[in-house]
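Open the model in your viewer and keep the selection tool handy. We will go from one stop to the next.

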Amino acid sequence: MSHIDAVVSRFFSPAEQDAFCGVSGDDMERLNAFYTCWTRKEAYLTALGCGISEPTDTFDVTFLSNSEPEIIAINGDNDAAREWLLYDLQVAPGYVGALAIHSNEDIELVWREHMMC
């Protein structure tokens with residue numbers, strides 16, 4: 001998993017790197033933590049409209065299995081992070097997804113399956 005560790009050290013914030021180092025368990029658990037963090041970070045950048053071209057280490061997200069989806073800080077500012085909601089999306093078994101919304105009011109998400117004919 002050295003390729004994942006290299007991505008973590010380059011693209012995750014220092015706090016996220018520390019949290020990732022603390023992930024115990026097998027490679028699958030570490031891989032799930034990695035993709036959970038990555039998709040949450042990507043969701044925030046997508047919501048900003050800038051995508052991955054922006055630095056990914058300037059904001060912190062939760063990603064451990066025992067934590068709710070949340071943007072913790074943006075450029076070290078916890079108050080700015082409270083203006084955002086972060087949701088996990090259960091897209092399919094074995095996959096992770098996330099949605100970031102610029103709002104501090106709780107929003108109920110409804111997932112509808114659409115079948116193609």
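A word on the model before moving on. It is predicted: local features need pLDDT of at least 70, side-chain atom pairs count only at pLDDT 80 or more, and totals for chains, interfaces and linings use all residues. Residues are numbered from 1 along each chain as its sequence is written, and side-chain values use heavy atoms, with hydrogens and water left out.

Colour by pLDDT, the predictor's confidence in each residue, from 0 to 100. The protein averages 90, and 96% of the residues score at least 70.

Next, select residues 27–48, helix H3, with 22 residues. Several of its residues are buried (under 20% relative accessible area, 1.4 Å probe, protein chains only), including Phe34, Trp38 and Tyr44. Which elements cover them? Show helices H1 (2–11) and H2 (14–21) and strands S1 (59–61), S2 (71–74), S3 (84–89) and S4 (97–102), which are among the cover.

Last stop: Thr62, in the loop between S1 and S2. Thr62 counts as buried because its relative accessibility is 11%. Leaving out residues up to four places away in sequence, Thr62 touches (heavy atoms within 4.5 Å) Arg40, Ser67, Glu68, Pro69, Glu70 and Ile72. Zoom in on its side chain, which reaches the backbone oxygen of Glu68 at 2.5 Å.

Conventions
Helices (H or I, at least four residues) and strands (E, at least two) are DSSP runs, numbered from the N terminus. The expected span of a helix is 1.5 Å times one less than its number of residues. Buried means under 20% relative accessible area, exposed over 50%, partly exposed in between (1.4 Å probe, protein chains only). A polar contact is a pair of N or O atoms within 3.5 Å; within protein, one must be able to donate a hydrogen and the other to accept it, and residues adjacent in sequence count only if both atoms are side-chain atoms.
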